[in-house]
Amino acid sequence: MASKPVVLSGIQPTGTLHIGNYFGAVKNYVALQDQYECFYSIVDYHAITVEHDPQELRRNTIAMAMDLLACGLDPKKCVLFVQSQVPEHTELAWILSAVTSYGDLQRMTQFKEKGEMQEFVSCGLFTYPVLQAADILIYKASKVPVGEDQLQHIELARRIARRFNSRFGEMFPEPEALLTEAPRVMSPADPTRKMSKSLGPKHYIALTEPEKSIREKIKTAVTDVGPRPEGEKSPGVANLFLLLKLTAPREIYEQFEADYAKGTLKYEPLKRTVAEYLIKTLEPIRARRAQLNESEVREILHEGATRARAVARKTLEEARERIGVGKLIA
Ligand code: AQP
C-alpha cells in the first residue's frame with residue numbers, strides 16, 4: 001500500500017497563539033491529521049534569530065505545545081515535537097545552504113520587514129528560510145499548511161529542493177503550500193497590516209484572551225480608512241466579515257452581507273456579533289487548554305521528537321551520502 005503524503009509545518013514559540021495563526025494555519029493542521037502523515041514542529045531555533053529571553057523561550061515552548069494540543073492536535077494522529085530536539089534539521093540546513101542562492105535570500109520580504117524592527121540584524125534571521133526548508137525537506141514533506149505570509153519561503157524551499165535534486169539526483173519532493181480560507185487575518189488596530197504579535201498587543205487577539213478584552217478589541221477595531229471604490233469593503237470591514245464567516249452560522253453571516261449590499265449595515269451590531277461568535281468559537285479551546293497537564297505535554301514532546309528523529313536521521317544520512325560526506329569506514 002502506498003504511504004500517505006507527508007505534511008510538515010512549524011510554528012515559533014514566540015508567545016501565545018493568536019487567531020491569525022489559528023484561522024490561517026493551525027485549523028488546517030488539525031484537519032489534515034486524519035488524511036496525511038503529519039509532523040508539527042515548535043521551531044525554537046527560528047525564535048532565537050531575534051533577541052530573546054532564554055527563560056521566556058523555555059516557557060513559551062511548552063505553552064505553544066499546550067496551545068496546539070488545545071486546538072485539537074492529537075499525538076495519536078500526528079507527530080508533535082520541538083525542533084531543537086531533532087538536531088538533524090540544523091545539519092541539513094547547512095547542507096542546503098550550499099544550494100541556496102544568496103540573491104534569493106536577499107529577496108525575502110520577511111527578512112526585510114523583521115530586519116527593520118531589529119537593532120542587531122543577525123545572520124540567522126537572513127538564513128532563516130534555509131532552516132525552514134530543512135524543516136520541511138527532512139521529512140520529504142509534500143504539503144505545508146501555512147498563512148499567506150509564508151508563501152515566499154515555501155517557494156524558496158521548492159527552489160532549494162529542485163537545485164539539490166538536479167545536482168545530486170532526485171531526492172526531495174517540491175513542497176506545496178496549503179492555505180485556509182483565511183490566509184491573511186488582519187490587525188484590528190491597523191487592518192492594512194497582518195495580525196501579528198510583534199506589532200504589539202493591540203494588533204492581535206490571543207486564543208486565550210479574556211472575553212472582555214476580545215470585546216474591546218473588536219469594538220474598537222478600525223473600520224473606515226477613507227473613501228473606497230464603489231462596492232469594495234474597507235480592509236477593516238472585510239476583516240470583520242472574514243471573522244464572522246469563520247465563526248458564525250451561515251445565515252447570520254449572509255444577513256450581514258445582505259445589509260452591507262443594501263447599504264443599511266451598522267457597525268455596532270456587526271462588531272457585537274463578531275465578538276460573540278469569536279468568543280463562542282474559542283471557548284472549547286480555552287476549556288481544553290485548562291485541562292492540560294504540563295508533565296504529560298513534556299512526555300508528548302519527548303515521544304514526538306523520538307519519532308521525528310527516526311525519520312530525520314535517515315534523510316540526513318541519504319543527503320550526506322549524496323553530497324560526498326558519507327561514512328569514512330564502511
Ligand atoms: N495574520 C495571520 N493570518 C494568517 N496566518 C497567519 N500566520 C501568522 N500570522 C497570520 C501563520 O501562522 C503560522 C505560524 O506563524 P509563525 O510561527 O511564523 O508566527 P508568526 O508569523 O511569528 O506570528 P506573528 O504573530 O506574526 O509573530 P511575529 O509578529 O513575531 O512575526 C504561519 O503559518 C503563519 O503563516
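Q: Which backbone has a polar atom 2.8 Å from an oxygen atom of the ligand?
A: That is Gln12, whose polar backbone atom lies 2.8 Å from an oxygen atom of the ligand, and a polar contact here is a pair of N or O atoms within 3.5 Å, where within protein one must be able to donate a hydrogen and the other to accept it, and residues adjacent in sequence count only if both atoms are side-chain atoms.

Q: And what kind of model is this?
A: This is a predicted model, in which local features need pLDDT of at least 70 and side-chain atom pairs count only at pLDDT 80 or more, while totals for chains, interfaces and linings use all residues. Residues are numbered from 1 along each chain as its sequence is written, and side-chain values use heavy atoms, with hydrogens and water left out.

Q: Ok, back to the ligand: how many residues surround it?
A: There are 21 residues around the ligand, and the closest are His18, Asp149, Lys194, Ser196 and Ser198; a residue counts as near if one of its heavy atoms lies within 4 Å of the molecule.

Q: What does Asp149 do there, in terms of distance?
A: An N or O atom in the side chain of Asp149 is 2.5 Å from an oxygen atom of the ligand, and a polar backbone atom of Met195 is 3.0 Å from a nitrogen atom of the ligand.

Q: New topic: how is the chain divided into domains?
A: Domain 1 covers 6-182 + 295-323 and domain 2 covers 197-289, with bounds that come from an automatic or database domain assignment. The contact between them, meaning heavy atoms within 4.5 Å, takes 20 residues from domain 1 and 18 residues from domain 2.

Q: How much area do the two domains bury between them?
A: They bury about 1,700 Å², 67% of it on carbon and sulfur atoms, where buried area is the accessible area (1.4 Å probe) that two parts lose on being put together, summed over both. In domain 1, Ile19, Phe23 and Ala70 lose the most area to domain 2, together 33% of what that side buries.

Q: How many salt bridges are there between the domains?
A: The count between domain 1 and domain 2 is one, a salt bridge being a side-chain nitrogen of Lys or Arg within 4 Å of a carboxyl oxygen of Asp or Glu.

Q: And how many in the structure?
A: The structure holds 25 salt bridges. The side chains of Asp67 and Arg289 meet at 2.6 Å, N to O.
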